[in-house]
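Here are my notes for you to read alongside the structure. Keep the model open and find each residue as you go.

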Amino acid sequence: MKGDFGCPIAIGYDAIQQKTATLETMIAALNGAVDDISKAMRLHRVWVALAREDIGDQHRRTTLGPLWLLVNYVALMGTFVFVFQPAGNDAAGYSAYVAIGLLVWFYLTEIISLSVSLFQREESFIEGTTLPLFVYVMRMALQSIIRAGYAIAGCIVILLLSGSALNAAWLWSLAGLFMILLATPAVITVFAFLGAFFPDSEFIVGNMMRVGMFFTPVFWVYNGQDGVQKYAYHWNPFTYFLEIVRVPIISGELPMHAFAVTGIISLAVWAIALLLLGRYRKQVVFLI
Amino acid sequence: MVSIKLHNISLVYRLHEKVTLSAPDRRVAGPGGRIEGSGRKQFVQALDGISFELKAGDRLGLVGPNGAGKTTLLKVLYGIYEPSGGSIAIEGKVDALFNINIGFRREATGRRNIVLRGLISGWTESEIEEKMEEIIAFSELGDFIDLPFKSYSQGMAARLAFSMATSLDPEILLMDEWIGAGDASFQDKAKRRMDELAEKAGIIVLASHNESLIESVCTKKLTLKSGQVESLTTKPIKRSRTEKTVLSRPR
């Protein structure tokens with residue numbers, strides 16, 4: 001390890017110097033983030049092992065083990081279909097709609113709600129090891145993906161039982177899921193930093209996600225009606241994350257607009273995540 | 001060549017007043033040191049002007065009252081805290097024992113914990129497998145190695161942690177008050193292993209309040225006070241006579 005450390009004081013003599021300094025800071029931050037991520041990727045055995053241990057620990061004393069994740073998903077899905085099935089709709093179609101909606105929504109809720117307290121949960125590791133921060137991000141991402149895997153198994157069974165035939169459109173849904181997976185580490189990083197700087201956000205975000213379920217077309221269907229649902233559908237970013245997975249299977253169409261919006265949101269979140277990781281990764285140890 | 005060179009290292013961090021809806025919390029988190037400034041701009045001067053050099057075979061004991069900066073300095077050497085000023089050059093593979101519970105999973109067996117801890121320290125699976133029996137033998141845990149970590153006493157956990165940290169021949173070993181948990185016979189065994197490590201041209205930095213431990217293990221003693229070097233004592237290997245050098249604090 002080698003290094004000269006100093007407290008640089010940027011004094012902007014004019015606007016150009018200020019812009020140059022800002023650009024240099026951003027480039028340095030991006031380099032730092034890339035360094036952290038590449039180190040974490042080389043240590044993939046660490047976060048894979050820890051994520052598997054996490055899942056095992058959560059269900060170690062139970063009879064069903066991680067299968068409880070599948071039971072939870074099916075039970076909630078059944079309850080929503082039983083309670084909210086609109087009059088006149090066919091039960092099978094609505095079941096498929098809710099099955100996919102809940103799958104994506106629960107995944108998004110889990111990664112956002114849990115990531116706010118990520119660095120606090122990893123405090124002993126952060127204060128005692130030199131592991132890159134992105135290791136903790138990937139540990140949580142993999143944990144959430146494993147948990148979602150059980151729900152996906154339940155979802156596929158429900159889709160087949162509801163009469164949705166396997167066809168080429170499912171590949172677009174698979175691409176939608178893949179896109180969500182790509183955005184996952186960035187989302188976790190951004191909310192983890194939010195939680196480190198603003199501890200109250202753990203409860204604010206938790207409450208917002210609980211309320212957000214009712215403002216997102218998880219179990220209600222938007223058919224072009226006016227009112228709150230119109231705005232909740234169009235101006236809610238979560239809508240598009242749901243639609244890229246749901247629309248191809250439910251209607252057989254390719255939701256280009258939803259894919260485009262999801263792509264732009266994901267890129268923006270990745271940009272913020274890289275800047276936060278590069279700029280503040282060494283400060284986190286003093287914040288938790 | 002294994003070496004540590006620190007020149008005028010300082011560590012200053014701002015006390016972040018977290019944006020919160022709750023009443024202001026005046027407690028100070030993080031490492032010790034002096035608090036400077038007032039109001040919203042408060043800074044902790046955790047380390048100030050620390051300079052020293054260690055070469056192969058040196059065993060440095062860090063002493064000082066609580067909050068003097070011993071653990072903070074160890075964490076700077078390990079790379080957890082990035083210094084605010086000065087320069088640092090470390091040659092050699094560094095391993096550290098700060099807290100015996102870090103990296104251990106309570107539900108997993110000792111054997112599984114060796115694998116996890118090894119991965120965290122950057123070992124490969126084959127390196128861990130090669131050293132497994134040696135680590136278990138040195139820790140003297142016997143059949144307990146296949147029981148969950150939560151069934152271990154503090155002493156057993158310390159033995160396992162020390163055994164692992166020293167088994168892959170770290171060139172530089174940093175330790176923070178680890179030894180208190182082990183029994184007398186294990187402490188003797190641990191001292192012998194540290195001697196072996198230092199003789200193999202390694203460097204040991206040990207922070208402790210236990211003066212007799214520092215005297216028996218270390219060849220140099222650095223006394224810290226409020227984040228500054230108060231004195232650096234160098235002792236001949238034979239430990240017959242103590243030569244004391246008081247360093248002037250760099251400004």
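1. Let's start with helix α4 of chain A. In this predicted model, 18 of the 25 residues of α4(A) are buried, so the rest of the structure largely encloses that helix. Its length checks out too: α4(A) covers residues 91-115, and at 1.5 Å a residue it should span 36 Å, which agrees with the 35 Å between its end C-alpha atoms.

2. Now step back to chain A as a whole. Of its 288 residues, 45% count as buried. If you take the contacts in chain A with a separation of 6 or more, 74% of them are between residues 24 or more positions apart.

3. Which residue of helix α7 pairs with Glu110(A) of helix α4? Have a look at Arg147(A): the two side chains meet in a salt bridge, 2.9 Å from N to O. The partners are 37 residues apart, so to speak from distant parts of the chain. Side chains of opposite charge can pair when their charged atoms come close.

4. Is Arg147(A) buried or exposed? At 11% relative accessibility, Arg147(A) counts as buried, because the cut-off for that is under 20%. Glu110(A), with 21%, is partly exposed. Arg147(A) also has a polar contact of 2.6 Å with the side chain of Gln58(A). Beyond its sequence neighbours within four places, the contacts of Arg147(A) include Ile55(A), Leu69(A) and Leu114(A).

5. Next, look at where the chains meet. Arg105(B) and Glu53(A) form a salt bridge through their side chains, at 3.9 Å from N to O. Arg105(B) sits in the loop between β6 and α2 of chain B, while Glu53(A) belongs to helix α2 of chain A, so this pair joins two chains. Both residues are buried. They are also part of a salt-bridge network whose members include Asp54(A), Asp57(A), Glu122(A), Arg139(A) and Arg112(B). Over all chains, the structure holds 22 salt bridges.

6. Chain B has a salt bridge to check as well: Lys220(B) and Asp58(B), with the closest N and O atoms 3.5 Å apart. Lys220(B) is in strand β9 and Asp58(B) in the loop between β3 and β4, 162 residues apart. Lys220(B) is buried at 14%, and Asp58(B) is buried at 7%.

7. Finally, the surface. Leu64(A), Leu67(A), Trp68(A) and Val71(A) make a nonpolar patch of about 320 Å². Trp68(A) is in helix α3 and counts as partly exposed, at 37% relative accessibility.

Conventions: Residues are numbered from 1 along each chain as its sequence is written. Chains are lettered from A and ligands numbered from 1 in the order in which they are written. This is a predicted model: local features need pLDDT of at least 70, side-chain atom pairs count only at pLDDT 80 or more; totals for chains, interfaces and linings use all residues. Side-chain values use heavy atoms; hydrogens and water are left out. Patches are made of residues with over 30% relative accessible area and no salt bridge: like charges are joined within 9 Å, nonpolar side chains (Val, Leu, Ile, Met, Phe, Trp, Tyr) within 5 Å. Accessible areas come from the Shrake-Rupley method with a 1.4 Å probe; for residues, only the protein chains shown count as cover. A salt bridge is a side-chain nitrogen of Lys or Arg within 4 Å of a carboxyl oxygen of Asp or Glu. Helices (H or I, at least four residues) and strands (E, at least two) are DSSP runs, numbered from the N terminus. Buried means under 20% relative accessible area, exposed over 50%, partly exposed in between (1.4 Å probe, protein chains only). Contact means heavy atoms within 4.5 Å. The expected span of a helix is 1.5 Å times one less than its number of residues. A polar contact is a pair of N or O atoms within 3.5 Å; within protein, one must be able to donate a hydrogen and the other to accept it, and residues adjacent in sequence count only if both atoms are side-chain atoms.
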